[in-house]
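Student: I have a model open and would like to learn how to read it. Could you walk me through it?

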Amino acid sequence: MTTTFYAYPGCSSCRNARNWLDKHGIAYVTRDIAQDPPDRELLRRILRASGVPLRRLFNTSGQVYRAGNYAERLKTMDEDSALAELASHGMLIRRPLLLHGETVLVGFDADAYADALLDPAS
């Protein structure tokens with residue numbers, strides 16, 4: 001099973017997640033979320049699999065989010081439009097994103113990573 005890790009090199013949460021993955025021997029393929037963001041259909045699958053609300057896929061602390069006035073725009077934006085915005089502006093996406101089979105993790109939380117990726121018998 002391929003694990004895909006969408007990250008941004010300058011992101012401290014991404015570095016922490018990468019360090020956690022390396023420390024635990026989890027193999028992964030890295031994609032630069034700014035240069036190679038997931039497309040709209042993959043983002044739709046990510047949204048469904050993660051179980052998080054659509055707003056949680058947005059990097060609400062980022063410059064692109066603030067400059068684009070997404071806090072207001074999201075109030076009236078439908079899902080397709082929001083996913084299209086995310087797909088066209090990788091820096092809008094909350095990071096890191098980890099795709100591991102049917103499991104999707106948005107952001108980095110060491111406990112969530114452990115629950116999803118480590119064998120409970122180990």
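## Reading strand, helix, cysteines and cores

Tutor: Let's start with Thr4, which is found in strand β1 (residues 3–7). Helices (H or I, at least four residues) and strands (E, at least two) are DSSP runs, numbered from the N terminus. Before going on: this is a predicted model, where local features need pLDDT of at least 70, side-chain atom pairs count only at pLDDT 80 or more, and totals for chains, interfaces and linings use all residues. Residues are numbered from 1 along each chain as its sequence is written, and side-chain values use heavy atoms, with hydrogens and water left out.

Student: Is Thr4 buried or exposed?

Tutor: Buried means under 20% relative accessible area, exposed over 50%, partly exposed in between (1.4 Å probe, protein chains only). Thr4 has 15% relative accessibility, so it counts as buried. Not counting residues up to four places away in sequence, Thr4 touches Val29, Arg31, Leu97, Leu98 and Leu99; contact means heavy atoms within 4.5 Å.

Student: Which residues of α1 are buried?

Tutor: First the general idea: an α-helix has 3.6 residues a turn, so residues three or four places apart point the same way. In helix α1 (residues 12–23), the buried ones are Cys14, Ala17, Trp20 and Leu21. Seen down the helix axis, they fall within an arc of 125° (taken from the directions from the axis to the C-beta atoms), so they line one face of α1. They pack against β1, β3 (97–100) and α6 (110–117). After α1 comes Gly25, with a positive phi near 65°.

Student: How many disulfides are there?

Tutor: A disulfide is a pair of cysteine sulfur atoms within 2.5 Å, and by that rule the count is zero. Cys11 is in no disulfide; its nearest cysteine sulfur, that of Cys14, is 3.1 Å away. That is too far for a bond. Cys11 is buried, with a relative accessible area of 10%, and Cys14 is buried too, at 1% relative accessibility.

Student: What about the largest nonpolar core, and which residues have the most contacts inside it?

Tutor: A nonpolar core is a set of buried Ala, Val, Leu, Ile, Met, Phe, Trp, Tyr and Cys residues joined through side-chain atoms within 4.5 Å. The largest has 24 residues, and Ile46, Leu57, Phe58, Leu86 and Leu97 have the most contacts inside it. Two or more of its residues come from each of α2 (40–50), α5 (79–88), β3 and β4 (103–106). Apart from it lies another core, of twelve residues, among them Ala7, Cys14, Ile26 and Leu117.
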